[in-house]
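Please look over the structure below before reading my comments.

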Amino acid sequence: MNEGNGVPPADGPRGTAGTAPTAPAPPPPPPSDGDFELAKPAPAAPPGTPGEAEGETGGQAGSETGGQAEGEAGRAAGETAVPGSGERAQAERVTPLHDPDPYSTPPYGQPGPWAPAPPVQHPAVTPAHGTAVPAPPTPPTAPVLSVPQGTPAPQAPGSTTALTPQTPAPATPPAPQPVAPVPVPAPAPRMPVPDPAPPAAVPPVPEGGADPWAGYDPWAAAQAREPLQQTGAKVLTPAQRKRRAWRWVIGWTLVVAVVSGGTGGVVGAYVEREGHGGQPGSVPAGRAPDSVAGIAARALPSVVTLHVRGDDAAGTGTGFVLDAQGHILTNNHVVEPAGPDGEISVTFSSGDTVKAEVVGRDGGYDLAVVQVHGVHGLTPLPLGDSDDVRVGDPVVAIGAPFDLADTVTSGIISAKERPITAGGEKSDGSDVSYVDALQTDAPINPGNSGGPLLDSHARVIGVNSAIRSAGGGSGTDGGQAGSIGLGFAIPVNQAKRVAEELIDHGHATHPVIGVTLDMGYTGDGARIDGKGANGGPAVTRGGPGDRAGLEPGDVVTEADGARVHSGRELIVKIRAHRPGDRLRLTVDRDGTEREVSVVLGAAEQN
């Protein structure tokens, strides 16, 4: 056994195994196969089994120099060894059997604490897509396997398995220095040589728990994997998805409805303002919509002829449809002959005739509203803006002069804000109308009263009301004098306000300043009389003029910057406004001009 260790025997008993040598000996001759082994320190035997520890030491020493046979002999001798001889031999071994390791690689370097190296995990080969991944093999128990010649066996840190290099290098290994015992892990089994297409190896499961990536294969079949988990987003049930879809549909329906309604309202307002809607007629082929033929074709179906018969008088006039409820606007002097017991008939351009009744009338504005019943499909004429009219604009007048229905004439706007008065046959002056009129050269004759004056978009901008004839004076067209190119129409903005009041209340209100004017004053301007009509004060106490500081004898020379030459002109300027409007007046009082602001009041009487 000592020959196998290559160490001279000690002074102790010759047959005792595991006794530490005291001096190095020359290396033994190499085996016949050219291999040799280095002796390594033997682990200390656990307490209570000295014989087994010394046997193991002897067996290891024998395997280092003489091979397997001598190792077995050393173990046999160890069984009869003296107890405690193993500890003494390990204590006497103070010199290592080989040169010191310059890299201090445990366990052959300097003594000291070290940790065993972790097991190396080699990357596994990913199998082809769809190939099943084998389960990780269960590590077997640690058997002692023989390593073929020329194939190095895996070496774990602290292992006592000998390294077998192929090239012999004779050396005199020094006696190993005593080192601290290190736990010896079980040697890894030798894996068989893989086939040309081996399955992918799965890395071992680390200590402390299951490997979260064990068995994961990104190229495995999709049906073999578990469903992916969500990253935090809520997964909706089919019922929740259905409710969400319904909410989405209802929400978008409401949005589309609101947008469509708003768009339709804007388009409708634009069409009505521009005069492109509400027209019952169609433009003749080959005619422009803004031509006289185009305007007449669109407007004629909404223009009517009125025949009035009373106890003492009869007459003919014109009107036009205001709304689908059958309200028709015309002049007051057209329907006045009917009285309370007369008859009014309305004839449409289609030739149909129906009865009508008076809804309301006002002599101060010379306007009246009648209504027909039982007529369906009425289309009102669109109303324009008389304030936007300019001198020179083309116009078309439609009426029934001398009972010639559906007569069309054309011309231009000759002037604006012409103060005219008509009527005055009654002693109290209640039949006098004051109109801030549009002047036109379109031929207007008796029978045209109440007819529409249209612009190039077939919108109503005025109500034909009066003419000036060659016989002299101005008045309604009830006389038999013909047109000389001086026609007057009530502005539609004023007519619209009055018509609304007549429909709603049956009468209209008149704006007033609360003073009595001297209609016989021949000077320039409108003078406030010294006393009222019934002997009362000329300036109504608490009225608009009184609050503005007007006094009897003041002469009004301007209204809103426009020159006033007579009392009638001042009344016309006032009537052009609504009750509640503010009017700026320039007043001459004893040669000194001053400006006052008057808020107009309201009166039902003319």
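The points below cover a helix and then the salt bridges.

1. This is a predicted model. Please read each point with that in mind.

2. Start with helix H8, residues 492-505. Buried positions in H8 include Val492, Ala495, Val498, Ala499 and Leu502. Gln494, Arg497 and Glu501 are buried there too. Just after H8, Gly506 has a positive phi of about 85°.

3. How many salt bridges does a search of the whole structure find? The count is nine.

4. Glu343 and Lys355 form a salt bridge through their side chains, at 3.5 Å from N to O. Glu343 sits in strand S4 (residues 343-347) and Lys355 in strand S5 (residues 353-362), so the pair ties together parts twelve residues apart in sequence. Lys355 is exposed, because its relative accessibility is 57% and the cut-off is over 50%.

5. Asp455 and Arg459 pair at 3.1 Å, N to O. Both residues are buried.

6. Arg589 and Asp554 meet at 2.8 Å, N to O, in another salt bridge. Arg589 belongs to strand S18 (residues 582-589), while Asp554 is in the loop between helix H9 (544-548) and strand S16 (555-559). The two are 35 residues apart, and the pair links distant parts of the chain.

7. Asp554 is buried at 1%. Glu551 joins Asp554 and Arg589 in a network of salt bridges.

Methods. Residues numbered from 1 in each chain as written. Predicted model: local features only at pLDDT ≥ 70, side-chain atom pairs only at ≥ 80, totals over all residues. Heavy atoms only, no water. Helix = DSSP H or I, 4+ residues; strand = E, 2+ residues; numbered from the N terminus. Expected span 1.5 Å × (residues − 1). Buried < 20%, exposed > 50% of the residue type's maximum accessible area, 1.4 Å probe, protein only. Salt bridge = Lys/Arg side-chain N within 4 Å of Asp/Glu carboxyl O.
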